[in-house]
Amino acid sequence: LGPVPLQMARTQKNKATAHHLGLLKARLAKLRRELITPKGGGGGGPGEGFDVAKTGDARIGFVGFPSVGKSTLLSNLAGVYSEVAAYEFTTLTTVPGVIRYKGAKIQLLDLPGIIEGAKDGKGRGRQVIAVARTCNLILIVLDVLKPLGHKKIIENELEGFGIRLNSKPPNIGFKKKDKGGINLTATCPQSELDAETVKSILAEYKIHNADVTLRSDATADDLIDVVEGNRVYIPCIYVLNKIDQISIEELDIIYKVPHCVPISAHHRWNFDDLLEKIWDYLKLVRIYTKPKGQLPDYTSPVVLPYCKTTVEDFCMKIHKNLIKDFKYALVWGSSVKHNPQKVGKDHTLEDEDVIQIVKK
């Protein structure tokens, strides 16, 4: 039968083969995971010199082929001097830069050329991807003259590492049990998954007892993602560089592409558009603090990720002891009905709220 991808290519796609394909996909996902999860033993480990300490309020990873202008973009955005040269493969380690934008500190990481086959363990691919998985946003930098081929390759690399771009986790409930077999419930019609396919995919993971709830029309890949459970969902912007080399008509077309920002890193064109889009995709929430009897400090907001914006999250970001002495908070802004409003630690804050903590 040959290796798994060959089998997949040789299998005709129809209802009868769907569960065979599902099974092969599961097998492939498993093999891939074994490949990227470093085996134990030995000193040093795989991360030499590559883990960059996380600073600031958000982290953006720049991914792109050699010589598409990543380093130029980075140094022009951050004024970080990343050794820029006209030959390929200049950047060999991650170069962190930090920009301040709308009061937030944003860390920029140049992830050295993720080359084709990084996900199969080639090149420095493994470490690069490990860092990429921790980013809050990924910028794929493409050369506007040859964008689509590169885009596909990079997306495949990132996908192969369990990074899902611009997508939400599949709406699938999955719960392992000790007995009772596989219970499949679907709350809407399914075009790809049936009981047999689900069973064969789970059997590949040696799971024979579980409750599976499909709340949307799901694919075999969606189910595998949920079972693997190590997927990260990261927003992504495609940055099309070198627009100084194309016509206005071509530029108009590019502007219609979703998640896309055309720029010229060299001439610093359209950076404000790029920063604005970065800000949109990061979905950061700025909270201003107000000491008692003083005006709010609008210069240095406390910045929270959009999924963690309760008063308690805010306290934890400042200091873990703050929550122990917490009595209540006064909040001004769009998250409250009247200004100020007295709230508890479970209250959810919104962008540019002002908060005063009252201690016991």
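**Close-up views of a predicted chain**

**View 1. Overall fold of the chain.** Of the contacts (heavy atoms within 4.5 Å) in the chain between residues at least 6 apart in sequence, 65% link residues at least 24 apart. The model is predicted: local features need pLDDT of at least 70, side-chain atom pairs count only at pLDDT 80 or more, and totals for chains, interfaces and linings use all residues. Residues are numbered from 1 along each chain as its sequence is written, and side-chain values use heavy atoms, with hydrogens and water left out. The secondary structure comprises 10 helices and 16 strands, taken as DSSP runs numbered from the N terminus (helices H or I, at least four residues; strands E, at least two). Of the 360 residues in the chain, 45% are buried (under 20% relative accessible area, 1.4 Å probe, protein chains only).

**View 2. The open sheet of 5 strands.** The strand order is β13-β12-β16-β14-β15, with mixed pairing (two strands pair if DSSP finds at least two bridges between them). Because β13 (297-305) and β15 (341-343) are the edge strands, each with a single partner, one side of each has no neighbour in the sheet. From one strand to the next, the twist averages 40° (axes are lines fitted to C-alpha atoms, for helices over the stretch in contact; angles run from 0 to 180 degrees between N-to-C directions).

**View 3. The β12 and β13 pair with helix α10.** β12 (residues 284-289) pairs with β13 in the antiparallel sense over 5 bridges. Val 303 in β13 lies opposite Arg 286. Helix α10 (residues 311-318) packs on the sheet and touches β12, β13, β14 (326-332), β15 and β16 (353-359). The direction of α10 makes about 110° with that of β13.

Key:
Buried < 20%, exposed > 50% of the residue type's maximum accessible area, 1.4 Å probe, protein only.
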